[in-house]
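Please view the sequence and the structure first, and then read the notes by topic.

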Amino acid sequence: MAVFKLGGLRAARKTMRQAAQLANAVWSPFVPKRKPARKKVASVAASAAGAATAARKGRMAARPVAHAPSPRTEVFHTAVFAYRGAEHRYKIYVPPLAPGQQVTGLVVMLHGCQQTPDDFAAGTRMNDHARDAQCIVVYPCQPASAHRQRCWNWFDPAAQVRGTGEPAWIAALARGTAKAWGLRRQQVFIAGLSAGGAMAAAVAHAYPDVFAACGVHSGLAAGAARGMVGALSAMRHGSSIGRPPPVRQVPTIVFHGDRDRAVHPRHGAHVLAAALKPSATGIALADPLASPEVTAMQTEGGHASTRHIYRNPQRRAVAERWEVHGMGHAWSGGSTRGSYVDPAGPDASAAMLAFFRQAGPGTPSAR
């Protein structure tokens, strides 16, 4: 049995404390100020409230919600999904549907560190847009037991391959929900902010057969780091180890502020480059068709931005990048009812839904 001297133990503990301090220093920009809990909207259906209560008590069937309580009822409630012996909480938004009306798509939204599905939904206003587009929104919840700051573990080696780690249950939830609502792959999308954006890229990379398009806001490309140390370095310096593209490339829209101090703005270009690697999209950075359509835009009373659109030989957009000038680490154009939001930027939720709409037939329309 190995014997350690007291001095060695003290040195090891000091090193561990320094590592923890470094992690907190880098991750702290992700942590929003805590806000007092808001009362639930009184219009939420009683059946939805009952479902949420049952979920908290562990009585809800561990599977995706299969139907709305009523064709005309708007629902945003908690549910539980069982996968490989573990239960995962999530929230699901279902728009009000007239008799005979069907949902047009599914968007999986991955929150950032220290955020919750409710906080993320309020800040992005994605439910408002989904109501008009008549699509479902699913918000998987990362518990503190998986990461003390509720960050998605996008840097975990298990998240870099198919069939393991957090991407596996997120993809399974998306697939199960889509099947329950009769949706095809061309109608299923994923997006996220910060660590959630990095995880969205990782999930789409591993499961291009599940998702038709991906939105990465202030995040990193799939495979940008393996392990916590590499993740902290990548976030701070904008480095990326990169990964080979999947067999089927997933169309990707990127948003990033050029004054982001939490995730280096360079990662916006890295995510774009990954989306444009030679693949089934038929386009590469060296291809003349990779010359983007560039548009300078100005949000009224807010930030200027530059939009780049890349099209394949069939002229379908396979990648889109928005560089928001003067914006930090925040969701562009959202509501201050949530954390990590900059209302002065262009509306990222609307832009993502518009991009998703053209990613395949039968996809939702933007607001």
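**The sheet as a whole**

Ten strands, written as 10 strands in the order β1-β2-β4-β3-β5-β6-β7-β10-β9-β8, form an open sheet with mixed pairing. β1 (75–83) and β8 (293–298) stand at its edges with a single partner strand each, so one side of each is left without a neighbour in the sheet. From one strand to the next, the twist averages 20°. The model is predicted: local features need pLDDT of at least 70 and side-chain atom pairs count only at pLDDT 80 or more, while totals for chains, interfaces and linings use all residues. Residues are numbered from 1 along each chain as its sequence is written, and side-chain values use heavy atoms, with hydrogens and water left out.

**Terms for the sheet**

- Helices (H or I, at least four residues) and strands (E, at least two) are DSSP runs, numbered from the N terminus.
- Two strands pair if DSSP finds at least two bridges between them.
- Axes are lines fitted to C-alpha atoms, for helices over the stretch in contact, and angles run from 0 to 180 degrees between N-to-C directions.

**Strand β10 and its neighbours**

- Strand β10 (residues 317–324) is mostly covered, with seven of its eight residues buried; buried means under 20% relative accessible area, exposed over 50%, and partly exposed in between (1.4 Å probe, protein chains only).
- With strand β7 (residues 252–257), β10 pairs in the parallel sense over six bridges, and Phe 255 stands opposite Trp 322 in β10.
- Strand β9 (residues 304–311) runs antiparallel to β10, and seven bridges join the two; Ser 305 has Val 324 in β10 as its bridge partner.
- β9 and β10 form a hairpin with five residues between them, and Arg 315 in the turn has a positive phi of about 70°.
- β8 and β9 also run antiparallel, joined by six bridges, and Gln 298 stands opposite Ala 304 in β9.
- Helix α8 (residues 266–275) lies across β6 (213–217), β7, β9 and β10, and runs at about 170° to β7.

**Trp 322**

- Trp 322 has its place in strand β10 and counts as buried because its relative accessibility is 6%.
- Trp 322 and Arg 307 are 15 residues apart along the chain, and their C-alpha atoms are separated by 4.6 Å.
- Leaving aside residues up to four places away in sequence, Trp 322 touches several residues, among them Ile 253, Phe 255, Met 297, Arg 307 and Pro 346; contact means heavy atoms within 4.5 Å.
- The side chains of Trp 322 and Glu 320 are joined by a polar contact of 2.6 Å. A polar contact is a pair of N or O atoms within 3.5 Å; within protein, one must be able to donate a hydrogen and the other to accept it, and residues adjacent in sequence count only if both atoms are side-chain atoms.

**The disulfide and other cysteines**

- A disulfide is a covalent bond between the sulfur atoms of two cysteines; here it is assigned to a pair of cysteine sulfur atoms within 2.5 Å.
- The structure holds one disulfide, formed by Cys 113 and Cys 151 with their sulfur atoms 2.0 Å apart.
- Cys 113 lies in the loop between β3 (106–110) and α3 (117–124) and Cys 151 in the loop between β4 (136–140) and α5 (165–180), so the pair ties together parts that are 38 residues apart in sequence.
- The link of Cys 113 and Cys 151 is right-handed, with 125° about the S-S bond, and both residues are buried.
- Cys 135 counts as buried because its relative accessibility is 0%, whereas Cys 141, at 23%, counts as partly exposed.

**Gln 115 and helix α3**

- Gln 115 lies in the loop between β3 and α3 and, at 1% relative accessibility, counts as buried.
- Beyond residues up to four places away in sequence, Gln 115 touches Phe 120, Arg 150, Leu 193, Ser 339 and Tyr 340.
- α3 is mostly covered, with seven of its eight residues buried, including Pro 117, Asp 119 and Phe 120.
- Just after α3, Arg 125 takes a positive phi of about 60°.

**Nonpolar cores**

- A nonpolar core is a set of buried Ala, Val, Leu, Ile, Met, Phe, Trp, Tyr and Cys residues joined through side-chain atoms within 4.5 Å.
- The largest nonpolar core has 56 residues, of which Trp 154, Ile 170, Ile 190, Met 199 and Phe 211 touch the most other members.
- Helix α6 (residues 195–206) gives the most to this core, with nine residues.
- A second, separate core of 33 residues includes Met 109, Ile 253, Val 324 and Met 352.
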